[in-house]
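Me: I would like to go through this model by question and answer, with the terms spelled out as they come up.

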Amino acid sequence: MTAALRTPYTPGTERRQGPFLVLEGVSGVGKSTLARLLVKRLGATAIHTLTDPHTGWSGTVNRELRPLPQFAFYLSGLLHVSDVVRQSLSVGPVVADRYVVSVMACHAAVNRVGLGQVRELIAPFLPYLVAPDATFHLISSDNSLKERMGTKKDVKQDDTDLFDVPGRLARLRENFHAVADEEPSAVTLTTDGRSPDDLAGIIVEYLEDRRA
């Protein structure tokens, strides 16, 4: 798609001064905590998908828009996030809490549409998006997830819906796993029995091994 676009729609030249890491997984699995630790250890910039101004609009969008315009909103946010990532990578490493995988997996699960349909919608825009150096898929058991939810301070509708909406958690997990199986940059990490510091150490070691 980008080859057919002209200024101002083509992305800027990407000059990375560090790796671009993405943390994926269902709500409450520990992405935000892990992102904060990695930012400190790597001297990285933290980015959450969606960034402002889209973050403030997501509640209204989820309540009032039908699936296709809702997807267009999240796609717009994703394109904006990619531009923010591209700019931040010119300074140093970037750690993103959610990215392309979450947009696809969550939209498909919430609207009960096939993941393949969502892939088709997003495919023309993938060349525009900055590709991660590694995407870490965090997975946990139901018991661990419920424990984390019990201590989470900023519980949102998406969090409570995991267990309140029948089949929501199962659909999300299935979608995340399906994407991870086909994603070249995917690394699966089980969080059960591991502290956030343990997970951060595993990721840092993974990056060091890749540089070796």
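Me: Which residues are exposed on the other side of α5?

Reply: This is a predicted model, in which local features need pLDDT of at least 70 and side-chain atom pairs count only at pLDDT 80 or more, while totals for chains, interfaces and linings use all residues. Residues are numbered from 1 along each chain as its sequence is written, and side-chain values use heavy atoms, with hydrogens and water left out. Helices are DSSP runs of H or I with at least four residues, numbered from the N terminus, and exposed means over 50% relative accessible area, buried under 20%, and partly exposed in between, with a 1.4 Å probe and protein chains only. On that basis, the exposed residues on the other side of α5 are Q117 and E120.

Me: Why do the buried residues of α5 line one face of the helix?

Reply: The buried residues of α5, which spans residues 115-122, are L115, V118 and I122. Taking the directions from the helix axis to the C-beta atoms, these buried residues line one face because they fall within an arc of 60 degrees.

Me: Which helices do the buried residues of α6 pack against?

Reply: In α6, residues 142-151, the buried residues are S144, L145 and M149. Seen down the axis of α6, they fall within an arc of 140 degrees, so they line one face of the helix, whereas the face turned away from this buried side carries the exposed N143, E147, G150 and T151. With contact taken as heavy atoms within 4.5 Å, the buried residues of α6 pack against α7 (157-164) and α8 (168-182).

Me: What is the volume of the largest pocket?

Reply: A pocket is an open set of points on a 1 Å grid over the protein atoms alone, where a 1.4 Å probe fits, with protein on both sides within 12 Å along at least five of seven lines, and lining residues have an atom within 4 Å of a point. The largest pocket is lined by 46 residues, of which S27, H48, R98, K156 and D158 lie nearest its centre. Counting the space filled by probe spheres set on the points, which are joined across faces, edges and corners, its volume is about 1400 Å³.

Me: Which helix gives the most to the lining of the second largest pocket?

Reply: The second largest pocket holds about 360 Å³ of space, and V100, V101, M104, L126 and E183 lie nearest its centre. At least two lining residues come from each of α4, α5 and α8, and the helix that gives the most, with three residues, is α4.
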